[in-house]
Amino acid sequence: MTQLKSSQIPTVEPIKVRPDPSYADFSTLAIHAGQAPDPLTGAVIPPLSLTTTFAHSTPGVQVSEYSYARGGNPTRTALVEQICALEKAEWGVVFSSGVAVVNAVTQLVKPGSSCGGRIVCSVDVYGGTRRYLTKVAREVGGYDVSFIDLSGPEEEVTERLLPHLHTGLGMIWLETPSNPLLNIIDITLISSLLTRHSPSTILVVDNTFLSPYLQRPLLLGATIVVHSATKHLGGHSDALLGAAVTNSEELHARLGFLANTLGGVPSPWDTYLVTRGIKTLSLRMERACETASVIARTLYEMGCPVIYPGLAIHPHHALSNTQSRHPGPLLSIDLTVSPCGASSTSASSFPVAAAAAAARLFISNLRIFTLAESLGGVESLVCVPSAMTHASVPEAEVGVGVVRVSVGCEGLEGLVLDLVGGWRGVVKEYPELRGGEGKGGFNGLVPEDNLANGE
């Protein structure tokens, strides 16, 4: 295949992160919250606390607030202060991974208890969350877990959710944007429904995909915000860590107890790496978000079935614009459907085997993007969720032709050319996936006669 040149790619404007006065001090907080110079030495970077245990002055009397590293250490405290400042939270607990957060937060409700032991989860979530809720919480713990679609028009969401709000509902767990189909759920709507019909229900929002730089769910009515801090917060694919923040002192105390008792706490080194990564969060997100928006708009102009909330054709585009400051640095390409701007795998007429082959072909043509699980790092990644991150999720919910794209901080032109080249290879082999004239066609980018000649 002939190497594409930048002159063959249209010039499209990036979507800028929406200015918000409440974010004026974000970068300052990211750098300085929890990061005061060491009072003993004046070190600008707080020292890394590697100790596992802390001295007592007499039996049962601690020298400081710390006793044993599983219960807490200064490095962990600094990170909690940093994340809380960015999410506008009063309290927080960090864990050894995002899944460790799922484990602890789920146990805030008791299965079968009269005060509400049922859990509702949005249907489109990270595969690890789904696997835990079905294989551990439901099968081992005895939790009653339901998965429902929480996206869409207000009346439809209300109709789907309302029956669950009168039967002892303990928790709602949702991701927005969802993983990997990028559906947007109205956090304020869900919160208002709970306030009216089930005020004791805990509303948990996974904010991993956008980070507090783009969205602050606690301000929209969430009870707890969770993160796989391995992703955007850490930002360098070198630390494994999860976080949960809240404005409820009671829930914070219970989460702290669970972290200490279950032992799913992060190492000091991973904690330090995430702290360091957060200091550049705003810079990385600005770069990755603008690049992702250019990529999405470019692929859309080429007739590619791209899923991105920043596109006006996305069914939740208006909600995305008001709920967050930017659609984010992730997009998906759904090779199981005709181009329509949003996934509709159930309506697909493209053969499953062909869709899977198209996804593999797309990836095989990439040179910069790495095929790997995870997201949110400075390096750009792609994955096929149905075979990787969401292998435990029913195929009907995540099609075999869905490719998730995590945009990093490499050069804009190289990333655009890489994905355009991947799409060009797919269209050559599967021309039926090509978009129509209503989407702007190819605008002369990859003429059909060139495709026919394999150029």
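At what angle do helix α9 and helix α12 pack, and how far apart are their axes? In this predicted model, helix α9, spanning residues 281-301, packs against helix α12, spanning residues 412-429, at an angle of about 35 degrees, and their axes lie 10 Å apart. The crossing of these two helices is right-handed. On the α9 side the contact is formed by R287, T291, V294, I295, T298 and L299, while α12 contributes L412, L415, V416, L419, V420 and W423. Sorted by class, the residues in the contact of α9 with α12 comprise nine nonpolar, two polar and one charged.

A further helix pair is formed by α5 (residues 154-161) and α6 (residues 187-197), which pack at an angle of about 45 degrees with their axes 11 Å apart. In terms of class, five nonpolar residues, one polar residue and one charged residue make up the contact of α5 with α6.

The largest nonpolar core of the model contains 46 residues, and those with the most contacts inside this core are L161, I172, L174 and I190. When residues up to four places away in sequence are not counted, I190 touches L150, V157, L161, I172, L174, I185 and L203. A second, separate core consists of 37 residues, among them V294, F362, L419 and Y430.

Definitions and conventions: Residues numbered from 1 in each chain as written. Predicted model: local features only at pLDDT ≥ 70, side-chain atom pairs only at ≥ 80, totals over all residues. Heavy atoms only, no water. Core = buried A, V, L, I, M, F, W, Y, C linked by side-chain atoms within 4.5 Å. Buried < 20%, exposed > 50% of the residue type's maximum accessible area, 1.4 Å probe, protein only. Contact = heavy atoms within 4.5 Å. Axes fitted to C-alpha atoms, helices over the stretch in contact; angles between N-to-C directions. Helix = DSSP H or I, 4+ residues; strand = E, 2+ residues; numbered from the N terminus. Nonpolar A, V, L, I, M, F, W, Y, C, P; charged D, E, K, R; others polar. Left-handed = near helix turned anticlockwise from the far one by under 90°.
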